[in-house]
Amino acid sequence: MKYRPRTFLLEAVMIVVAIAFLFPVYVLVTLAFKDPQQIANKPLGLPSPPSVGSFGAAWREAGLGSALLNSTLITVASVVLLIAAGSLAAYFLARTATRLSYGLYILFLVGIILPFQLGMIPLYKLVDDLGLLGTYQGMILFYTGIQLPFTVFLYTGFIRSLPADYTNAALIDGASHLQAFMHVIFPLLRPITGTVLILNAVQIWNDFFTPLLYLGGSGHETVPVRVFAFVNQYTSNYGLVAAGLILAALPILLLFLVLQRYVIRGFASGLKG
């Protein structure tokens, strides 16, 4: 295969795009390992010598230990509810050919298209009236409702790609629809469940605006809100911000590395339907 000018151009574009994506990561990492004097003198240079003081300071001053627990609790509970409710709803939509199932599926698609910011004020008022403002339960219910349409969309497409013979065989053997789902269909949903898990976990873990609005001042703030405390109107400690962001990203990064083989495979399979 000849090395043509077009190949060189494509490689050059790919290198430029890679640099554009990696440069913010480089800045974040180098800032985290610099002391304030190094940040002021050479903000884009390599740390010399590297300092890990920002990590300890960020952990103590932002209370990242409790924030990580808050984020973990909200994320895990929300994802579990999304997997349970989303897979069951998708099973009904995928295996029932009625006007009701079609109409519900369209409603879920509308829920994906419409930005949730349109309902922020009514949702805030509803959560406040229910006495769930500043609580874990309020955030878990909020994320479950907001992310459910996308979850149902992925599960429905995947279940439609599965042969109906699996379900029919279980029903003929005397199983109920719930038993057929739990013992036959759900074990086959492992690839798409990995995709649902990682996509929803990343979205919920990294969300800043919603926890700031619903949990601000409650003591239950998540990691992004606590890290934001290092930035104010007059001063910004970028070393602590960078260190806090790296500490916040590590758990979700490890989760992605563990489940990465499911993400693309499950997402592609979910689009077949």
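The legends below describe an overview and several close-up views of one predicted model.

**Sources and conventions.** This is a predicted model, in which local features need pLDDT of at least 70 and side-chain atom pairs count only at pLDDT 80 or more, whereas totals for chains, interfaces and linings use all residues. Residues are numbered from 1 along each chain as its sequence is written, and side-chain values use heavy atoms, with hydrogens and water left out.

View 1. Helices (H or I, at least four residues) and strands (E, at least two) are DSSP runs, numbered from the N terminus. The C-alpha trace spans about 75 × 70 × 30 Å along its principal axes. Of the 273 residues in the chain, 37% are buried, where buried means under 20% relative accessible area, exposed means over 50%, and partly exposed lies in between (1.4 Å probe, protein chains only). The chain exposes about 15,900 Å², of which carbon and sulfur atoms supply 71%; accessible areas come from the Shrake-Rupley method with a 1.4 Å probe, and for residues only the protein chains shown count as cover. Among contacts (heavy atoms within 4.5 Å) between residues at least 6 apart in sequence, 72% join residues at least 24 apart.

**View 2. The salt bridge between Lys 125 and Asp 129.** A salt bridge is a side-chain nitrogen of Lys or Arg within 4 Å of a carboxyl oxygen of Asp or Glu, and by this rule the count comes to 2. Side chains of opposite charge can pair when their charged atoms come close. In the pair shown here, the N to O distance is 3.0 Å. Lys 125 and Asp 129 are 4 residues apart in helix H6 (residues 120-129), and therefore are separated by about one helical turn. Lys 125 is partly exposed, with a relative accessible area of 47%, whereas Asp 129 is exposed, with a value of 53%.

**View 3. The salt bridge between Glu 221 and Arg 226.** The closest N and O atoms of this pair are 3.3 Å apart, and both Glu 221 and Arg 226 are buried. Arg 226 lies in helix H12 (residues 223-227) and has a relative accessible area of 14%. Leaving aside neighbours within four places in sequence, Arg 226 is in contact with Ala 62, Gly 63, Leu 64, Ser 66, Ala 67, Asn 70, Gly 219 and Glu 221. The C-alpha atom of Arg 226 is separated by 44 Å from that of Arg 95, a residue 131 residues away along the chain.

**View 4. Helix H9 and the buried residues Ala 180, Phe 181 and Ile 185.** The buried residues of H9 pack against helix H4 (64-95) and helix H8 (165-172). The 12 residues of H9 (residues 177-188) should span 16 Å at 1.5 Å a residue, and the end C-alpha atoms are 15 Å apart, which agrees; the expected span is 1.5 Å times one less than the number of residues.

**View 5. A nonpolar surface patch of about 510 Å².** The patch is made by Tyr 102, Ile 106, Val 110, Leu 114 and Leu 118. Patches are made of residues with over 30% relative accessible area and no salt bridge, with like charges joined within 9 Å and nonpolar side chains (Val, Leu, Ile, Met, Phe, Trp, Tyr) within 5 Å. Tyr 102, found in helix H5 (residues 99-113), is exposed, with a relative accessible area of 58%.
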